[in-house]
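Please read the briefing below alongside the sequence and the coordinates.

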Amino acid sequence: MKSRTRRFKTDHPTYAADIVGTIGQWDERDILFARSDFWDYFDADSPQRAAYYESHPELFAYDEKVNNLPPMGRTGGIDFPMFDVQFDVINHIGCENVVDGKPAPDRIEIAPERAAEKVKGFAHHLGADLVGIGPLRQEWVYSHVGRSLGNREGYTEWGTPIDLSHHPNAIALGFRMDYDLTQTAPDFPTLLATGKGYATGAWVSVQLAAYIRALGYSARAHHLRNYRVLCVPVAVDCGLGELSRAGFLITKELGLGLRLAVVTTDLPLIHDQPVDIGVQSFCEVCKVCAEVCPIGAIPHGDKAEYNGVKKWKLDEQKCYRYWFAAGTDCGTCMAACPWTKPDTAFHRTIATLASIKGLHQSILTRADRLVYGKYKSKPRPGYMESK
Ligand code: SF4
Ligand code: SF4
């Protein structure tokens, strides 16, 4: 997919204006998915689980309640395996010896401009819809491994400290989610769009990292089952888009309807500039995601300071709890966002207009409500069982 953000390039990512303190590194052990692994993969009496809740007793009641709710995907009935098999494959290609490895002994020298061209071309060939290159800020690197699938063979042990200081560059990869499936959110088919986005991200990122290692450089893939970095801020630094009110990345091309993977490397690469596509002022007046969120997890009000940055802070615990209630990863905010639209000439024009800051952004949000009405979940495609 051709990037349509050239005219919106800027010297600093838009979050830079909102930095009000020191940004601390995240510990992956604290994220909701890592905590769910205590129920999904570790034994109930595992020393890791005991040690974690001894130091975080305030999280136990929430984690125990949520992780004992009926499982994700159950609303698919006999179509449940369509969801399950995609994630199973991602587990296989999340092993350490697949996402990482030794570089080839003989390094091939390539000018950074040419290397960037090759990396982007190959990533698109493999299936990435969006590709951007930027610096890897160490603030976006997790401090410790939190997802080891219960210390499964092939995965790095839970709690291992992370060091990526030898990788100065990041390649952010964006993968379009199937528009029709996402429009069924929060129903079962949206999970399949998520699964495909992540599976393609895993498939592309491991091959891209392997390609760079074959050139004689260190490179590591970061995808759903084996991250060492926070993909969203990395993608912002790489010029893919901006942080939104909904808490995810908005891109001009795909709105909120994408999934991310990243490759970090020491291969010298020319960086793309970050972009200012008007999201901060647009989200200020839009608020559609906050209105449609069934559980009130997205703020209606102003940005607030969180870990050194002023941002619209998604209430992740509320959101995650709703996922179990819905039996899917919900995605209603993503489906309803005015930026998440099919790739047509009409929407490309509107997205360009929306990217220019001004009073007309408010008119565009109102026009979107008038034309599309209140968000309503669409029916399942014919090859799936109906509800
Ligand atoms: S995914 Fe659903 S529950 Fe979570 S923030 Fe979006 S709309 Fe709300
Ligand atoms: S729905 Fe509106 S407020 Fe929410 S992320 Fe999209 S543009 Fe921003």
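Predicted model: local features only at pLDDT ≥ 70, side-chain atom pairs only at ≥ 80, totals over all residues.

Residues are numbered from 1 along each chain as its sequence is written, chains are lettered from A and ligands numbered from 1 in the order in which they are written, and side-chain values use heavy atoms, with hydrogens and water left out.

**Domains**

- The protein chain is assigned domain 1 (6-30 + 69-372) and domain 2 (31-68), with bounds that come from an automatic or database domain assignment.
- Taken over C-alpha atoms, the centres of domain 1 and domain 2 are separated by 25 Å.
- Domain 1 puts 23 residues into the contact and domain 2 puts in 19 residues, where contact means heavy atoms within 4.5 Å.
- About 1,900 Å² is buried between domain 1 and domain 2, 58% of it on carbon and sulfur atoms; buried area is the accessible area (1.4 Å probe) that two parts lose on being put together, summed over both.
- Of the area that domain 1 buries against domain 2, 32% is supplied by Asp30, Trp158 and Tyr320, more than by any other three residues.

**Nonpolar cores**

- A nonpolar core is a set of buried Ala, Val, Leu, Ile, Met, Phe, Trp, Tyr and Cys residues joined through side-chain atoms within 4.5 Å; buried means under 20% relative accessible area, exposed over 50%, and partly exposed in between (1.4 Å probe, protein chains only).
- The largest nonpolar core has 80 residues, of which Val234, Ile250, Ile298 and Trp339 touch the most other members.
- Helix H8 (residues 189-214) gives the most to this core, with five residues; helices (H or I, at least four residues) and strands (E, at least two) are DSSP runs, numbered from the N terminus.
- Domain 1 and domain 2 each give at least three residues to this core.
- Another core, of 26 residues, lies apart from it and includes Ala115, Ile133, Val206 and Leu267.

**Shell around ligand 1**

- Ligand 1 is surrounded by 13 residues, the closest being Cys293, Leu314, Cys319, Cys330 and Cys333; a residue is near a molecule if one of its heavy atoms lies within 4 Å of it.
- Helix H12 (316-326) and helix H13 (332-336) are the elements that give two or more residues to this shell, and H12 gives the most, with three residues.
- By class, the shell holds 10 nonpolar residues, two polar and one charged; Ala, Val, Leu, Ile, Met, Phe, Trp, Tyr, Cys and Pro count as nonpolar, Asp, Glu, Lys and Arg as charged, and the others, Gly among them, as polar.
- Not counting residues up to four places away in sequence, isoleucine 298 touches Arg245, Ala246, Cys289, Ala290, Cys293, Leu314 and Cys333.

**Backbone geometry**

- Most residues other than glycine have a negative phi, and most peptide bonds are trans.
- Cysteine 330, in the loop between H12 and H13, has a positive phi of about 60 degrees and is buried at 7% relative accessibility.
- Leucine 149 has a positive phi of about 50 degrees and a relative accessible area of 3%.
- The peptide bond from alanine 185 to proline 186 is cis, with omega near 5 degrees.

**Threonine 194**

- Threonine 194 is in helix H8 and is buried, because its relative accessible area is 3%.
- Not counting residues up to four places away in sequence, threonine 194 touches Phe87, Met177, Arg259 and Asp329.
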